[in-house]
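Work through these exercises with the structure open. Each task is followed by a solution in steps.

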Amino acid sequence: MNLDWTALGQVAAVSLAVTVAVVAVFALGVLGLARHEGAREEGGTSTLGFAQAGLCFLACAAVVAYGIYLIVPQFH
């Protein structure tokens, strides 16, 4: 019986950690977009900000797609 609660606690801890990590990566993507837009308003371009946003959003999409893959049994 104790093992069941331990497994549930581990799943909850991993879920919380992954959620916090995905939100942090998404926030970095939004920061990259803000950097890009700020540079555009000043008449320049920020390729680094645009690349940062693209990579962060791509990483978030990959994590979400992997989670859907794990949940939906037809994909296995």
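Predicted model: local features only at pLDDT ≥ 70, side-chain atom pairs only at ≥ 80, totals over all residues.

**Exercise 1. Aromatic pairs**

Solution: 
- Step 1. Count. The total is 2 aromatic pairs.
- Step 2. Take F26 and F57. Their ring centres lie 5.1 Å apart, and the planes make an angle of 50°. Stacked needs under 30 degrees and edge-to-face over 60, so the F26–F57 pair is tilted.
- Step 3. F26 belongs to helix α1, while F57 belongs to helix α2, residues 47–71. The pair therefore ties together parts that are 31 residues apart in sequence.
- Step 4. Check the accessibility. F26 has 45% relative accessibility and is partly exposed. F57, at 27%, is partly exposed too.
- Step 5. Turn to Y66 and Y69. Here the centres are 6.3 Å apart and the planes 25° apart. An angle under 30 degrees counts as stacked, so Y66 and Y69 are a stacked pair.
- Step 6. Y69 is partly exposed, at 35% relative accessibility.

**Exercise 2. The salt bridge**

Task: Which side chains meet in a salt bridge, and where do they lie?

Solution: 
- Step 1. Count. There is 1 salt bridge.
- Step 2. Name the partners. R40 and E37 meet through their side chains, at 3.9 Å from N to O. The cut-off is 4 Å, so the R40–E37 contact qualifies.
- Step 3. Locate the partners. Helix α1, residues 2–41, holds both R40 and E37. They are 3 residues apart, about one turn of the helix.
- Step 4. Compare accessibility with the classes. R40 has 52% relative accessibility, so R40 counts as exposed. E37 has 34% and is partly exposed.

**Exercise 3. The cysteines**

Task: How many disulfides does the structure hold, and are C56 and C60 buried or exposed?

Solution: 
- Step 1. Count. The structure holds 0 disulfides.
- Step 2. Check the distance. For C56, the nearest cysteine sulfur is that of C60, 6.9 Å away. For C60, the nearest is that of C56. A disulfide needs the sulfurs within 2.5 Å, so C56 is in no disulfide. C60 is in no disulfide either.
- Step 3. Classify. Buried means under 20% relative accessible area. C56 has 11% relative accessibility, so C56 is buried. C60 has 9%, so C60 is buried as well.

Terms used: Residues numbered from 1 in each chain as written. Heavy atoms only, no water. Buried < 20%, exposed > 50% of the residue type's maximum accessible area, 1.4 Å probe, protein only. Helix = DSSP H or I, 4+ residues; strand = E, 2+ residues; numbered from the N terminus. Phe/Tyr/Trp six-rings, centres within 6.5 Å; stacked < 30°, edge-to-face > 60°.
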